[in-house]
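Subject: Structure handover

Hi,

As promised, here is the structure to look at. My notes on what turned up are below it.

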Amino acid sequence: MIRRISIFGATGSVGVSTLDLVQREPDAFDVVALTAHSNADALAKAARGSRAALAVIGDEAHYGALKAALAGSGVEAAAGEAALIDAARAGADWTMASIVGCAGLRPTIAALEAGGCVALANKESLVSAGALMMEAAAGSGATMLPVDSEHNAIFQCLAGSRLDDVARIILTASGGPFRTRSREAMRDITPTQAVAHPNWSMGAKISVDSATMMNKGLELIEAAHLFPVGLDRIEILVHPQSVIHSLVEYRDRSTLAQLGSPDMRIPIAHALAWPERMATPCQPLDLARIGRLEFEAPDEARFPALRLARQAAQAGGAVPAILNAANEVAVAAFLEGAIGFLDIAMIVEEVLDRYSAPVPRRLDDVLHADAEARAMARHVMERMTV
Ligand code: NAD
Ligand code: MG
């Protein structure tokens, strides 16, 4: 059966990997819509190459450039947030949600409301509005397919088992590029150093999150929504080789793990072909060459983002949305060179201390908490730099 697919965030690291797989099996997929934020040329090229019906650019300032780049291609062009949401309802039966950050929330919810399969890479949307997203999926009967490698691993290890039989979910973490550094030696880390991940090639924001380990904190919250076994049953284990992508221990103490080369095309292919399998060009796992796999406990003293995220997960309500928003602002400021590496977690902690919001009932409540937390994060940063 031909799958009708759309990719939100088609020009990003996950989006490009998804298109790479789609283009290897052109007869299996019909591309309904591709979206990007501002890179009109890259979006137009991807839309032409995949014979997409529709290309949507989020930032309206680039609409003219998109139209020009698509002239004569037969691909329809659109722009703006409303067009992104319309694209989520344009009839795809499989949608890749790979916009980075809370910016992906509205289109992802729209795709969930439309039903079908939603392959979820955009973890920030689940962190900010997990309860509302799970409700939207339950309401429409949409299937959420986790793409984040750890959650995809857990999904595979669960293989339809009852969550009541799960004793523990163990999320593995590479520990990032600064796994062995002291706090003192983290002070002068530059954006270039933080973005260079030892195992994975990813977008800038998630690379910085991996370096602070906020990524694992966000993933803890993501896991708690996708696999509701209780937070006390979800643990983090540092595993520097990124070969075991996560584990599930059952109550009989049998433990299943999913392994693979650190290449996002493996979990993406799992979601693309689900419930079947497809071939990928990824490296087979050569365990004899790898030789040994190592494990260690995470260190919350050196990586306070882990503690902050667990506290936010325990508090629930709007707190994870506030954590995420403050982190997005701080990471962007770090990437621009405006603040230091250690300031990221400090800003998040200060925003969490100073701002609280009622439990969100609707999407607007989440977006309000997100906007207020961003404003507070900017205020905290201004005070820091004077
Ligand atoms: P990226 O920065 O490479 O790409 C982001 C995409 O989102 C781009 O296509 C960009 O145009 C689009 N985008 C950005 N801001 C937007 C906005 N305001 N409105 C509309 N579109 C916007 O990011 P990435 O590394 O591909 O990550 C995407 C998501 O997947 C993130 O949530 C990340 O945490 C998650 N994820 C990524 C990886 C990975 O290997 N890269 C692994 C696991 C999870
Ligand atoms: Mg991950």
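Let's start with the ligand: the shell around ligand 1 takes at least three residues from each of domain 1 (3–146) and domain 2 (147–304). A residue is near the ligand here if its C-beta atom, placed from the backbone, lies within 6 Å of it, and the domain bounds come from an automatic or database domain assignment.

Before going further, some housekeeping. This is a predicted model, where local features need pLDDT of at least 70 and side-chain atom pairs count only at pLDDT 80 or more, while totals for chains, interfaces and linings use all residues. Residues are numbered from 1 along each chain as its sequence is written, with chains lettered from A and ligands numbered from 1 in the order in which they are written.

Back to the ligand. There are 25 residues around ligand 1, of which Gly9, Gly12, Ala103, Met202 and Gly203 come nearest. Elements giving two or more residues to this shell are α1 (13–24), α6 (123–140) and α10 (204–212), and α1 has the largest share with three. (Helices are DSSP runs of H or I with at least four residues, strands are E runs of at least two, and both are numbered from the N terminus.) Sorted by class, the shell holds 11 nonpolar, 10 polar and four charged residues; Ala, Val, Leu, Ile, Met, Phe, Trp, Tyr, Cys and Pro count as nonpolar, Asp, Glu, Lys and Arg as charged, and the others, Gly among them, as polar.

Alanine 40 counts as buried because 25 C-beta neighbours lie inside 10 Å; the cut-off for buried is 20 or more other C-beta atoms within 10 Å, with exposed at 12 or fewer and partly exposed in between, C-beta atoms being placed from the backbone. Leaving aside residues up to four places away in sequence, alanine 40 touches Ile57, His62, Ala65, Leu66 and Ala69.

Cheers

Technical notes
Two residues are in contact if their C-beta atoms, placed from the backbone, lie within 7 Å.
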